[in-house]
Amino acid sequence: MKILFIHTFYKLAGGEDTVVQNEIDLLQQNGHEVELLRFDNSPFSLAKLLTMPFNIGSYLKTKKQIRRFRPDVIHIHNMHFAGSPSIIYAADATEIPIVITLHNFRFLCPSGSLYFEGKIFLDSLKPGFPWLAVKKGVYKNSKILTFWLAFSNYMHQKLKTLNKVDTFIVLGDHSYKLFSESHLKSYVEKIVVKANFSPERLASIPSEKSYFLFIGRLTEEKGIKTLLKAVSGTDIPLKIVGSGPLENLVASVCAGNSNIEFLKQQPSYRIDELLNSAEALVFPSEWYETFGMVLTEAFSKSIPVVASNLGNISTIVKNEINGLTFEPGNYEDLRAKLLYFKHLSSQTKAKFKYEAQASYLEKYTPAVNYLQLIKIYADAISKRSYRR
């Protein structure tokens with residue numbers, strides 16, 4: 001099978017970029033011919049912003065590569081904003097089946113995250129133009145940018161652009177529920193659930209100097225403030241890996257708490273080493289994460305997770321099985337769960353580690369994901385043939 005991946009890369013690399021590369025590698029390893037059509041949001045330009053509703057350059061570039069490569073299916077990951085929905089029109093014009101992975105909530109709300117000012121923001125799920133989102137400036141705190149994003153989305157709703165898509169992939173049951181109950185509910189029959197996967201890794205190595213580990217962007221929605229409150233003034237050992245706008249806050253709290261170590265951004269091999277000796281990964285996110293790649297990376301190494309009981313996370317981390325869950329944003333509950341886990345017997349911790357590995361083997365291996373992905377492509381091809 002020949003598959004064309006289309007993805008717009010963000011200025012700062014993130015989980016979506018990792019997923020794209022993982023899936024390309026997986027398909028190529030299984031004998032498929034794969035090409036990547038890359039768009040890039042860096043450097044930023046006014047032209048890219050203004051052509052966000054329909055970028056004629058992206059349209060022509062997409063059509064050219066499709067005609068040259070002649071894929072059996074087109075898999076779109078991110079269009080925002082340099083790619084633009086014009087790539088859907090280019091793909092549909094060639095009558096090639098189209099699959100889109102919904103890594104975020106960009107089609108539902110200009111915020112892309114359904115999170116604003118420290119809270120879940122769901123007003124844009126209602127039918128009609130998202131005026132409240134514009135009024136609040138939910139995208140980069142800018143009413144102008146938010147309006148332009150909202151206008152682009154609303155225009156394509158009216159044009160029924162998404163009718164041209166054969167299959168949408170969401171990464172968890174909670175995302176499926178949000179989309180099926182939103183103003184995009186007419187597409188519910190086209191939505192399938194397929195989790196991401198992590199490449200297989202060596203199991204963790206026991207260590208006497210164990211600790212809890214946070215890996216992620218240092219932003220409010222990732223729950224770093226809640227985590228810092230939870231471990232400050234305690235003997236809970238925590239290592240923090242990441243970068244972001246709250247770096248100074250993290251460094252300041254670490255300076256006053258010897259139990260917290262801030263390691264900043266680390267290369268992948270070092271993250272592997274840190275996971276090897278971790279008691280558990282801490283995932284205190286406070287927004288509706290569509291997945292969370294680090295969760296399955298931890299499971300692949302038999303590392304349990306202490307996570308927020310929120311959205312798709314609660315379908316990945318099962319309380320008292322492969323980890324513990326706590327009330328999102330509640331630092332006292334998080335502290336209690338960390339202390340509880342810290343003082344468990346070695347036998348009980350071993351059970352958590354076993355279940356973490358079992359979760360990975362059952363749901364998040366490359367082999368499991370490959371079968372799901374190929375079935376999705378085959379179904380999309382069948383749908384497109386029927387439409388013809």
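Reply:

**A loop glutamate and its surroundings**

In this predicted model, Glu220 is in contact with Tyr115, Gly118, Lys225, Leu246 and Glu286, leaving aside residues up to four places away in sequence. The residue belongs to the loop between β9 and α8 (224–231). Its relative accessibility is 36%, so Glu220 is classed as partly exposed, since that class lies between the limits of 20% and 50%. Glu220 can also be placed relative to Lys119: the two are 101 residues apart in sequence, yet their C-alpha atoms are 9.9 Å apart in space.

Phe212 lies in strand β9 (residues 211–215) and Phe341 in helix α13 (residues 331–342), so their pair ties together parts that are 129 residues apart in sequence. The ring centres of Phe212 and Phe341 are 6.1 Å apart and the planes stand at 65°, so the pair is edge-to-face; the cut-off for that class is an angle over 60 degrees. Phe212 has a relative accessibility of 1% and therefore counts as buried. Phe341, with 1% relative accessibility, is likewise counted as buried.

The structure holds 13 aromatic pairs. Another of these joins Phe129 and Phe147, whose ring centres are 5.8 Å apart with planes at 50°, so this pair is tilted. Phe129 sits in the loop between β6 (119–120) and α5 (131–136), whereas Phe147 is in helix α6 (residues 143–159); the two are 18 residues apart, and the pair links distant parts of the chain. Phe129 counts as buried because its relative accessibility is 17%, while Phe147 has a relative accessible area of 33% and is therefore partly exposed. Both residues belong to one aromatic cluster, formed by Phe129, Trp131, Phe147, Trp148, Phe151 and Tyr154.

Strand pairing gives a further view of the interior. Strand β7 (residues 167–170) is covered on both faces: Thr167 and Ile169 on one side are buried, as are Phe168 and Val170 on the other. Strand β4 (residues 98–101) pairs with β7 in the parallel sense over three bridges, and Ile100 stands opposite Phe168. β7 also pairs in the parallel sense with strand β8 (residues 191–193), again over three bridges. Within that pairing, Ile169 has Val192 in β8 as its bridge partner. The path from β7 to β8 runs through helix α7 (residues 173–180), and this β-α-β crossover is right-handed.

These parts belong to a chain with 15 helices and 14 strands. For its 388 residues, a compact globule would have a radius of gyration near 21 Å, and the value for the chain is 21 Å, which agrees. The C-alpha trace spans about 60 × 50 × 35 Å along its principal axes. Of the 388 residues, 55% are buried. The accessible surface of the chain is about 17,300 Å², and carbon and sulfur atoms account for 54% of that area.

Note on methods. Residues are numbered from 1 along each chain as its sequence is written. This is a predicted model: local features need pLDDT of at least 70, side-chain atom pairs count only at pLDDT 80 or more; totals for chains, interfaces and linings use all residues. Side-chain values use heavy atoms; hydrogens and water are left out. Buried means under 20% relative accessible area, exposed over 50%, partly exposed in between (1.4 Å probe, protein chains only). Helices (H or I, at least four residues) and strands (E, at least two) are DSSP runs, numbered from the N terminus. Two strands pair if DSSP finds at least two bridges between them. A crossover is right-handed if, with the strands pointing away from the viewer, the path from the first strand over the helix to the second runs clockwise. The radius of gyration is taken over C-alpha atoms; the globule rule is 2.2 Å times the number of residues to the power 0.38. Accessible areas come from the Shrake-Rupley method with a 1.4 Å probe; for residues, only the protein chains shown count as cover. Rings of Phe, Tyr and Trp (its six-membered ring) pair if their centres lie within 6.5 Å; planes under 30 degrees apart count as stacked, over 60 as edge-to-face and the rest as tilted. Contact means heavy atoms within 4.5 Å.
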